[in-house]
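Good morning, colleagues. Thank you for the time on today's agenda; please look at the sequence and the structure as they come up.

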Amino acid sequence: MTLDAVRAAAGNVARRALFGTLADHRPVPRTLLNEGRARSVYAYHRPVGVSRRGEPVLLVPPLAVPDSCFDLRRGCSLVEHLVTAGRPTYGVEYGEIAFADRELGLEHWIDEVLPTAVRTAHEHSGGKPVHVVGWCLGGILAALTAARAGAHPIASLTVVASPFDFSAIPLLRPLRPLDALTGRIAIPALSRALGGIPAPLVRRAFQISALDKHLTKPFAVAANLADRDYLAQVEAVERFTAGMVGYPGRAVAQIYREFFLANALATGSPTLDGTRIDLADITQPTLVIAGRDDAIAPPRAARALVDLLPGRARFSTAPGGHLGVLTGRAARDTTWPLIDRFHAGVTSLSG
């Protein structure tokens with residue numbers, strides 16, 4: 001290690017000790033536009049002096065995850081990237097999921113939460129068509145919403161790190177024998193008894209999905225003590241993970257039955273609340289982005305949506321794991337420009 005690196009490492013350690021943080025966690029300012037059960041829709045503020053440019057974007061997080069996935073930290077925030085470019089940017093947040101919410105199924109988000117969020121962004125932006133961007137289960141919910149609601153006012157659909165073929169997820173293979181023995185009864189019963197999946201279990205599952213990185217993190221941190229941006233990213237991810245909330249029990253049972261057991265997303269015809277949804281009904285231009293190192297939604301699992309939408313969807317990969325592909329340090333030069341170019345292309349075609 002060079003003398004400059006030693007000085008930088010010492011400075012980072014001292015700053016963390018004195019101020020408790022290296023990352024800039026200030027969220028992009030926003031205004032609440034609409035709220036309801038498990039729904040808060042926000043408009044993010046553009047920086048002073050930045051003119052509005054382009055069509056609106058609605059950011060859709062998964063269940064159990066704070067919407068800070070899109071606004072992780074200053075310098076590594078998709079929200080900041082969008083508003084700095086002048087894009088009218090909106091987000092939906094679901095809030096805490098309590099035992100009283102255990103009867104909420106995925107149809108609550110598909111029929112009520114996301115259509116309301118899209119409509120709110122559409123109206124607030126002056127009637128402009130809305131580009132919907134969803135991460136992980138948020139991408140799945142956005143796709144199901146588009147299939148159910150039809151074209152207008154959704155301009156395009158971008159799904160990032162969203163698994164549509166659960167048989168292509170290596171992490172789930174050990175659960176197949178469990179399913180054959182007790183899973184069909186035990187897992188739904190357990191989710192009902194607990195009211196869902198509690199937040200601590202959600203956090204632990206997220207860590208297990210990247211177990212190698214979780215176990216080697218102390219060594220990686222020690223090796224990068226001189227890299228403040230690296231340390232800030234680690235700190236921001238830890239903060240994000242600590243903010244995870246629970247899944248409602250009924251939604252868990254639906255995910256288990258329809259997505260895992262039946263693998264109905266891969267065939268394009270999941271059934272929720274007795275109603276079949278046909279993903280082939282998605283008419284919007286669709287971009288699917290997969291992380292090359294994603295263990296939760298590996299490229300093959302994510303690409304399944306493209307196969308269901310011939311001629312309407314395109315597929316790309318970008319560096320990073322499940323969260324990293326969305327908001328890792330490399331995403332600034334890979335994933336985000338992919339989304340920008342896709343939106344610009346859709347706008348030019350519609351114009």
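The sulfur of Cys 69 lies 9.2 Å from the closest cysteine sulfur, that of Cys 136, which is too far for a bond. A disulfide would require the two sulfur atoms to be within 2.5 Å. Please bear in mind that this is a predicted model. For Cys 136 the closest cysteine sulfur is likewise that of Cys 69, at 9.2 Å, again too far for a bond. In total, the structure holds zero disulfides.

Are these two cysteines buried or exposed? Cys 69 has a relative accessibility of 0% and therefore counts as buried. Cys 136 is also buried, with a relative accessible area of 14%.

At 1.5 Å a residue, helix 3 should span 27 Å, and its end C-alpha atoms are 26 Å apart, which agrees. The helix does have a kink of about 30° at Val 113, shortly before the proline Pro 115. Just after helix 3, Gly 126 adopts a positive phi of about 85°.

Finally, strand 6, residues 154–160. This strand is mostly covered, with seven of its seven residues buried. What joins strand 6 to strand 5? Six bridges do, and the two strands run parallel; within this pairing, His 131 has Ser 156 of strand 6 as its bridge partner. Strand 6 is also joined to strand 11, residues 286–291, by four bridges, again in parallel. Val 160 stands opposite Ile 289 of strand 11.

Thank you for your attention.

Conventions:
Residues are numbered from 1 along each chain as its sequence is written. This is a predicted model: local features need pLDDT of at least 70, side-chain atom pairs count only at pLDDT 80 or more; totals for chains, interfaces and linings use all residues. Side-chain values use heavy atoms; hydrogens and water are left out. The expected span of a helix is 1.5 Å times one less than its number of residues. The bend at a residue is the angle between axes fitted to the seven residues ending there and the seven starting there. Buried means under 20% relative accessible area, exposed over 50%, partly exposed in between (1.4 Å probe, protein chains only). Two strands pair if DSSP finds at least two bridges between them.
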